[in-house]
Each structure stands twice: as structure tokens, then as C-alpha cells.
Amino acid sequence: MAHLEHSATTFQNPVTTHQRIQTLQVFNGGKPCGWLGQTATGFWFHYASNNPKQHWVSLLMPPRINFYQQAELFPVFAQHLGAPAGSEADALSQLHQINGQQLGSLSFANPDNPVVTPPPRTPPWLAAGQRALIANPNTSAVRRPFADTMVHHPSCWPLIQTLQQLKKQADPSNRLHALRWTLYAQHTGQWVQHPRPDLAPYQQHLYGFEAAHAVLNLNPQQFNALAETNNKFEQVLHEVARTYCKNFSAEIELLQLLLPYIRQGCLGAHLVYEQSGAQAKSQKPEVLGLEYLSALPPP
Amino acid sequence: MTEIPNNPNEYPLLKNQLDLATLVRTQRLQAGPKGGKMTAHTLADLAGVSRDTIFRIERGEDVSFSTAMAVLRVFGLGLSAAPVEWPTLNTAQQHFKTL
């Protein structure tokens, strides 16, 4: 009996947390896109196909180059791991563990143990400043659960209300993608919830989502150091808007209002982009604009 | 003055005023007699602007388009338009001049 109980426990926890993952399969928009691997000297990413029209894994990693290799974890993946994790030895296991809680169209699977866990319908315990993705509790149980709702600790509510006011002030006709989510934010009493900011209308797919520090190829510490240099930080963020955003003058206008919050670390800036369709003229993704979210406190 | 190369690829793409600042400064430091530096005062005289304006350009601050063009003309340079490609992993930090 004791032997059976032991077996049952082992069966319920098939992924041993200490097991080091060497390779992760990467999915973009739910479709297999490539492989992310770790070696003794660094990390590599390999697109699964040579087709230059396939979806981009990152704005810095166009598929015209099939294979990328560098000593540090690629910024598009490292952005999900917080401050020190990018340099840690077991980054792939950490990426695998947070799978489902990260924003953007990328997801991961361990090819040796492809277990899919459905998203929770109620948020886990949240510390101040933390957030999580859950499946909307009001969605019919018949539908396959999908993490379409973002929940925040209630301490975020004053900041979200301020952001809502700034959005109405700088973008009254709601042309920009930025901060649209604040217009739908609700305080339920226990938490604050709104649709996730990387979700396309009608929930057809998830947009690409890349932090400003990731598109600058900086780690969070370098980005914080940059934020302390007054004029330069502003110019660099303006240049990000000019490089990627179509409506960059309006983006810069809103960015100026949010700059103090970004500089203090209360708010994180991200780029949101949609992958180009097969018929699209350009092979590049279409950047919808900058998006802002309350920044997570350092772990 | 140093001879200006005719190949446009030898000049950097100007994406913003910071790139203009770098270009003007490098040109001024080699545009003097015997390939040495030209003083900001001389450059200002030749371009018909004030010395302070030269320093404003070299700090990456905003100046009028005609002023920027006048200063570039002193070095025998004009502008041409070219597509600005998105940066890649290797070029991102250089593109945004964050280091």
C-alpha cells in the first residue's frame, strides 16, 4: 500500500522541478515556431522552418536569419523572468514554469514532458503590485478555458484610475492601442480585473508583446540605469516610438505624460504587434503601438 | 580640409538629431588645417550661425532645418532619404544609442 501511495504521488507530479531542461519547444500563436536551447556557453534559438514569411519570434529576431546564438538568454524570453533570472543557469525551467502567466503570443513546452495545464478561474494569492492571468470565471464551463483576463492586487487601483484619466486626456478618441484596457478595468472588491492587453478583438489570437528594455536589448538593470539619465532616456523612448509605431507623434504625446511613472519603475512600456498575414505586402509584423502596464515589483 | 568621399555608404544614416550631432562633431574634428580640428567659432562663421548653435547641434538639441543644412553645407554634405530598417539583436543598442 505504501508503495502504491508513493507511486500515485510520483504520478501526480511527473515534472520534477529539479530536472534541468535543455531544450524548449516554442509556440507562436499556438503553432510550433522553433526551438530554444541552452548549452554550456549560452543559448540558441532555431526557427523550425526556413520560410521568411513565418511569424517573428521577436522584433529583434527576424526569420530571415534562421539560427541565433548568444551567451545571454534572448531578451524576448528573458523579459518574462524578472531581474536576475536571465543570467541564471536554469532559465529554461523557469520559462517552462511561468508558461501561461506571460503576456504575448509565445508559449513553451518541454518536448520530453508535454503537459498542458488549464488556466485557473480564480486568481492565486497576489502580493501588492502583483498580477496574474486567469480564465474569466463567467465564461461557460463548456468552452475550453482560456486565460483571457488579467487580475491585479487591489493596491493597483489608484494607479489604474490615474492611467485611465491620462488616457482620456491624451487620447480622447481612443485611437491608440495604449491603455485601452484601463477603460474596461473593474474593482471586484477582492481584486482588479480587465481583459488582457495583448488580446485581439473577438479573442481570435494574442498579439506579440515585447518590453521596451527587450527591444533595446538591455537587461532590466541596464534599463533602470538608463532611466536615471534624464534627457537620454526620453530620447531613447521617443526613438523606439519613431522606429516602430505608425502614429508616433501621438504615441510620444502620451509617452510624455507617462514618463515620470516609467522612470520611477511603477509602469512598464511594451510594444504590441500583430504578425503579418500570408497575403500581407510586408513580411514584417505590424506594430500596433506602445502599451503600458503596472510594473511587477522585483522578486 | 579633408577630402570628402563620394560614396554615400561611407556616411552613417541620420535617424535623429543625436546622429546629426555625432556627424557634425566628427566632421568638425577633422575639417581644420592639415586634417586637424576646426574650431566651433570658424564653423559658426562659415555657416553663418552662432557658435552656441554649433554646440546645440553637437549636444543633439533641436535646431531649425535650415541651420542644420547650412552647417552640413560647410562640410560639403547634403541629405538623402533612405529606409530605416528595424534593428536586430546585434544592432539594437547601436540603433538606439543607449550605451
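Which residues touch the most other members of the largest nonpolar core? The views below start there. This is a predicted model, in which local features need pLDDT of at least 70, side-chain atom pairs count only at pLDDT 80 or more, and totals for chains, interfaces and linings use all residues. Residues are numbered from 1 along each chain as its sequence is written, with chains lettered from A and ligands numbered from 1 in the order in which they are written.

**View 1. The largest nonpolar core.** Among its 62 residues, A:F74, A:V215, A:L216, A:V240, A:L271, A:L290 and A:Y292 touch the most other members. A nonpolar core is a set of buried Ala, Val, Leu, Ile, Met, Phe, Trp, Tyr and Cys residues joined through C-beta atoms within 7 Å; buried means that 20 or more other C-beta atoms lie within 10 Å of a residue's own, with C-beta atoms placed from the backbone. Domain 1 (2-109) and domain 2 (131-294) of chain A both contribute, so this core lies between them; the bounds come from an automatic or database domain assignment.

**View 2. Around A:L290.** Leaving aside residues up to four places away in sequence, A:L290 touches A:A178, A:A241, A:C245, A:E251, A:L255, A:A269, A:H270 and A:L271. Contact here means C-beta atoms, placed from the backbone, within 7 Å.

**View 3. Where the domains of chain A meet.** Here 19 residues of domain 1 are in contact with 24 residues of domain 2.

**View 4. Where chains A and B meet.** Chain A brings 17 residues to this contact and chain B brings 11 residues.

Definitions and conventions
Two residues are in contact if their C-beta atoms, placed from the backbone, lie within 7 Å. A residue is buried if 20 or more other C-beta atoms lie within 10 Å of its own, exposed if 12 or fewer, and partly exposed in between; C-beta atoms are placed from the backbone.
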